[in-house]
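Subject: Handover of a structure

Dear colleague,

Please find the structure below, together with an account of what was found in it. I would be grateful if you could read the two side by side.

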Amino acid sequence: MAYINLTKKFRPKKFSEIINQDHICQALMNSIAKEHISYAYLFSGNRGCGKTTMARVFAKTLNCKNRIINEPCNICENCIDIEKSHSLDVLEIDGASNNGVDEMRNLKNNVMLSNINSKYKIYIIDEAQQITSYAFNVLLKTLEEPPKCVVFILVTTEQYKIPITILSRCQRYRFKSISNSSIKDFLEKITKKEHLEITDEALNIIVSLSNGSIRDSLILLEQISNMKDIKITSEHIKELIGIVPNNIILVMIKSLLQKDIKMIFKIVNKIYKLGYNIIQFTKDLRDFLRKIMIYSINPRIIEIFPEEQEILKNLKIKISINTYIHINTILSKAINNMYQYDKPIVILEIYLLKATETYYNAKEFINKLDELIEKIQTSDNEYNNQFAQKHFDDTKLKHEWKMIINELGNKHPLIAMSLKNALIKITSDNFIQLTVFNQFDYDNIVDLKEEIHYLLKKKVNLNIELNIIKSDITNNYLKEIPKHIEEIATDFNSKIELPK
Ligand SMILES: [Zn+2]
């Protein structure tokens, strides 16, 4: 079976064939009709929405020898040369690989050469955002004093990267993203023309995989067009592209939300063994999460197909915005990294683990921590005040205690030091509590408990009990911090609604 290059065959050759950009087609056709041609244009928009195609059609119309109502004839020598990229007067430059000063100088010199066989000399600069700022300066010089009949068409997906000095010299056109339904209509026409038998569900899959790019949708259709003799079903496409079925993706999403690491690894292992495309799976996972999220906010603002609608309607999963941002940011990073690494599965595993980590909203978390610190400080002060009152008011005890330490210090200087570090207070009428703050002091003092008790009884002249406790209010609270953090984390986790 002959290979059909659908992208080439169905690339629009005139304005009327361009999908979804009627506003721009009309404006350009009007300017051609009035011969009001600017020397610089900027076409911006998402990838695959027809910017470069529009630039080519515009170039053809400008240089066509037999224009038909502001459209190119597509049969004259100029039209054919431009279509085949052979025209000496229409140069397509890839901004990504010709982004330096030298390339721009060459361009500047080239601009000075006169047209050969056409009315206009046209430069289509693709991926214009990739041009370096020095190179832009050279280009700017050319744009400041453009030779007659030179037209620049800058094409970009990222207009904000183009210097304002360049932007201000361009007539700007913003291309609309192409809706799924427009892509589907377009593909339906092509499948009819090519006699491709394909189910509606299969077409829907191609559309959703194209992410708003007509070009991508054509490339996908091209891939399956060699299965011409059979009716193409969604299963064929899933198998060909390596798409993991929705039910597996759903189990993965549930496992991620429940932090079920065992299940996550089980699924990854399964899809790997079955030979599915790991990058595609990660993308599908991310896209499905997005659909769940948007659907839960407003089902009407998301473009989904009937079969997905059914799944989302019956879905018992709810995801908080924070969790959604957290998981999808991680999946996007994973996808980026997978392209640079020979084992995407390893990257997927690492990032999925990362996605199960407890996620804190930084601001709320810091507020909670502030509250906690305040609580600790308050309790600490309360404790000290309470203690100070009882202890220091009892001047007699304080005085006698000093004497005891001195007395003991002669025989046991180390223990005396530990006693100096300790705090003494009367907890009830006949109870004295000695509080020490570390294990070393505690061990020292406990060894001599009987002697200390005896001396105390003698000095205060009361039949008191002595209680030695090891306690450090500050340390205790510090020790409790991880527990509090855990509590805060649990509190946050409880905000993530899990599948019922
Ligand atoms: Zn022509």
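**Aromatic cluster**

Y41 is buried, with a relative accessible area of 0%; buried means under 20% relative accessible area, exposed over 50% and partly exposed in between, for a 1.4 Å probe and protein chains only. Please note that this is a predicted model, in which local features need pLDDT of at least 70 and side-chain atom pairs count only at pLDDT 80 or more, while totals for chains, interfaces and linings use all residues. Residues are numbered from 1 along each chain as its sequence is written, and side-chain values use heavy atoms, with hydrogens and water left out.

F58 is likewise buried, at 0% relative accessibility. The structure holds five aromatic pairs; rings of Phe, Tyr and Trp (its six-membered ring) pair if their centres lie within 6.5 Å, and planes under 30 degrees apart count as stacked, over 60 as edge-to-face and the rest as tilted. One of these pairs is formed by Y41 and F58, edge-to-face, with 5.0 Å centre to centre and 80° between the planes. This pair links distant parts of the chain, since Y41 belongs to strand β1 and F58 to helix α3 (residues 51-63), 17 residues apart. Helices (H or I, at least four residues) and strands (E, at least two) are DSSP runs, numbered from the N terminus.

F43 and F175 form a tilted aromatic pair, at 5.2 Å centre to centre and with 50° between the planes. Because F43 lies in strand β1 and F175 in the loop between β5 and α8, the pair ties together parts that are 132 residues apart in sequence. Both F43 and F175 are buried. Ring pairs link Y41, F43, F58, Y173 and F175 into a cluster.

**The sheet and its helices**

In what order do the five strands form the open sheet? The order is β2-β3-β4-β1-β5, and the pairing is parallel; two strands pair if DSSP finds at least two bridges between them. At the edges stand β2 (90-94) and β5 (171-174), each with a single partner strand, so one side of each is left without a neighbour in the sheet. On average, neighbouring strands of this sheet are turned by 15° against each other, direction ignored. For such angles, axes are lines fitted to C-alpha atoms, for helices over the stretch in contact, and angles run from 0 to 180 degrees between N-to-C directions.

β2 is joined to the parallel strand β3 (residues 121-126) by five bridges, and D94 has D126 in β3 as its bridge partner. Helix α5 (residues 101-112) packs on the sheet, where it touches β2, β3 and β4 (150-156), and its direction makes about 160° with that of β3. Contact means heavy atoms within 4.5 Å. Helix α6 (residues 133-144) lies across β1 (40-44), β3 and β4, and runs at about 140° to β4.

β3 and β4 also pair in the parallel sense, over five bridges, with I122 opposite V151 in β4. Five bridges join β1 to β4 in parallel, and L42 has L154 in β4 as its bridge partner. Seven of the seven residues of β4 are buried. V150, F152, L154 and T156 point one way from β4, whereas V151, I153 and V155 point the other way. In a regular strand the side chains alternate between the two faces of the sheet.

**The zinc site**

Which residues coordinate the zinc ion? They are C64, C73, C76 and C79, each through SG, at 2.2 to 2.3 Å. Donors are N, O and S atoms within 2.8 Å of the metal (3.2 Å for Na, K and Ca); water is not among the atoms, so sites may look incomplete. Along the chain the donors follow the spacing C-x8-C-x2-C-x2-C. C76 is buried, with a relative accessible area of 6%, and C79 is buried at 1%.

Helix α9 (residues 200-210) is largely enclosed by the rest of the structure, because eight of its eleven residues are buried. These buried residues pack against α8 (180-193), α10 (214-224), α11 (234-241), α14 (278-297) and α15 (306-314). Just after α9, N211 takes a positive phi of about 50°.

T191 lies in helix α8 and counts as buried at 7% relative accessibility. Leaving aside its neighbours within four places in sequence, T191 is in contact with L196, I198 and L221.
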